Amino acid sequence: ISHPFGDHRSVNQAFPAGIPSKLSDPFLMCDYFGMQESSNPSTDPDDFPIGWHPHRGFDISSYIKSGIGRHGDSLGNREIFSTPGMQWMSTGSGVEHAEGGATQKGDFVQGFQIWINVPADRKLDDPRYGTVSCEDMPVVKLNDKATARVLAGSILGAEGPFKTVQPVEMVDFELEAGTTVELDIGKEMDTVILYIYEGGLEDLNEEGAVETGNVVLMDADSVEKRGLQMTTTLSSKAGIMLFAGKKLKEPIAWHGPIVMNTQQQIRDTFDELRSGLFPPKRVPWDYKKLNTFPESKQIEL
């Protein structure tokens, strides 16, 4: 459990708390949260409960299952999206962004913050952004009691909308009680992680039960081992996130919201932040104040 918001709100961290970054490669972080919204929606268009902060050197997704998503960034994006949905960024050379403030007080907010590393030679790419609302999220019906929401990669006959630099497959499984699901993982995915965020499994790959809150690092050393068979109990449904990816096997230098390969690159980034040169690619207006946006952009928003 960690407190990334700087207040009473807490999250359950599947990794790196449960699995160190060397083993979860290319996945850096997965925070899961489920809580009642404690504040009213923001009436100030420039007010975000999760305030402006920088990122560089990795891909990031805020996947929101319930509540209302809201986002602003240094590329000039201001978005509100329905759920289950997500906003994602390939942060590249750098972005600043802020989130939250659209969900009604008392409503339940549930979701994930997911970070994925990128190769050294792509760390300073131009940043990219995408918003995916509920109606645009691919959902695959596996059987009468099982559905899968494909977030990233090509799997189960669907293409996930989160366009990561490093090849990954990310799927949110919603399984009713008393069902079994089988699937194959992509041949190049030599990291496979399951996070059971709701309910539990009676059996995983014929090796026994897995309870709520557990994160499982599967044996994916060989192609033959890259398959899943999940069975729920007769009395409980399950929510399960699949993270499958191709390892980078590169050094990681990680300081807060910045993920690079060397400590010198971290120092250089903080020098840019102190000097006002970060982010290097941004819109020419003050992206933190909606009234400075071009009139045409304000009309769109």
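This is a predicted model: local features need pLDDT of at least 70, side-chain atom pairs count only at pLDDT 80 or more; totals for chains, interfaces and linings use all residues.
Residues are numbered from 1 along each chain as its sequence is written, and side-chain values rest on heavy atoms, with hydrogens and water left out. Local features need pLDDT of at least 70 and side-chain atom pairs count only at pLDDT 80 or more, whereas totals for chains, interfaces and linings use all residues.

In soluble globular proteins, nonpolar side chains tend to be buried together. A nonpolar core is here a set of buried Ala, Val, Leu, Ile, Met, Phe, Trp, Tyr and Cys residues joined through side-chain atoms within 4.5 Å. Buried means under 20% relative accessible area, exposed over 50%, and partly exposed in between (1.4 Å probe, protein chains only). The largest nonpolar core comprises 28 residues, and those with the most contacts inside this core are Phe173, Leu194, Leu201, Leu204, Met230, Ile240 and Leu242. At least two residues of the core come from each of β12 (146–152), β15 (168–175), β16 (180–184), β17 (191–199), β18 (201–204), β20 (227–232) and β21 (238–245). The greatest contribution is that of β21, with four residues. Strands (E, at least two residues) and helices (H or I, at least four) are DSSP runs, numbered from the N terminus. A second, separate core holds 24 residues, among them Phe27, Cys30, Val132 and Ile193.

Contact means heavy atoms within 4.5 Å. When residues up to four places away in sequence are not counted, Leu204 touches Leu194, Val210, Val216, Met218, Leu228, Gln229 and Met230.

Cys30, a member of the second core, has a relative accessible area of 0% and is therefore buried. Cys134 has a relative accessible area of 32% and is therefore partly exposed. With a disulfide defined as a pair of cysteine sulfur atoms within 2.5 Å, a search of the whole structure finds zero disulfides.

A cavity is a set of points where a 1.4 Å probe fits but cannot get out, a pocket is an open set with protein on both sides within 12 Å along at least five of seven lines, and lining residues have an atom within 4 Å of a point. Grid points are joined across faces, edges and corners, and a volume is the space filled by probe spheres set on the points.

The second largest pocket has a volume of about 200 Å³. Twelve residues line this pocket, and Pro45, Arg70, Arg78, Ile80 and Leu290 lie nearest its centre. The elements giving two or more residues to the lining are β5 (69–73) and β6 (78–81), and β6 gives the most, with three residues. By class, the lining has six nonpolar, three polar and three charged residues. In this classification Ala, Val, Leu, Ile, Met, Phe, Trp, Tyr, Cys and Pro count as nonpolar, Asp, Glu, Lys and Arg as charged, and the others, Gly among them, as polar.

One cavity of 30 Å³ or more was counted. The largest cavity holds about 30 Å³ of space and is lined by Gly57, Phe58, Asp59, Ser90, Thr91, Gly92, Val118, Arg122, Asp125 and Val165. Three nonpolar, four polar and three charged residues make up the lining of the largest cavity.

Most residues other than glycine have a negative phi, and most peptide bonds are trans. The peptide bond from Phe15 to Pro16 is cis, with omega near 15°, and Pro16 is found in the loop between β1 (12–15) and α1 (21–24). The bond from Phe278 to Pro279 is also cis, with omega near -5°; Pro279 is placed in the loop between α2 (263–275) and α3 (295–300).

Positive phi values near 60° occur at Glu206 and at Lys249. Glu206 is found in the loop between β18 and β19 (215–217) and, at 65% relative accessibility, counts as exposed. Lys249 is found in the loop between β21 and β22 (253–255) and is exposed, with a relative accessible area of 67%.

Glu250 lies in the loop between β21 and β22 and is partly exposed, with a relative accessible area of 30%. Apart from residues up to four places away in sequence, Glu250 touches Val118, Pro119, Ala120 and Asn261. Val118 is also one of the residues lining the largest cavity. The C-alpha atoms of Glu250 and Gly227, 23 residues apart along the chain, are separated by 26 Å.
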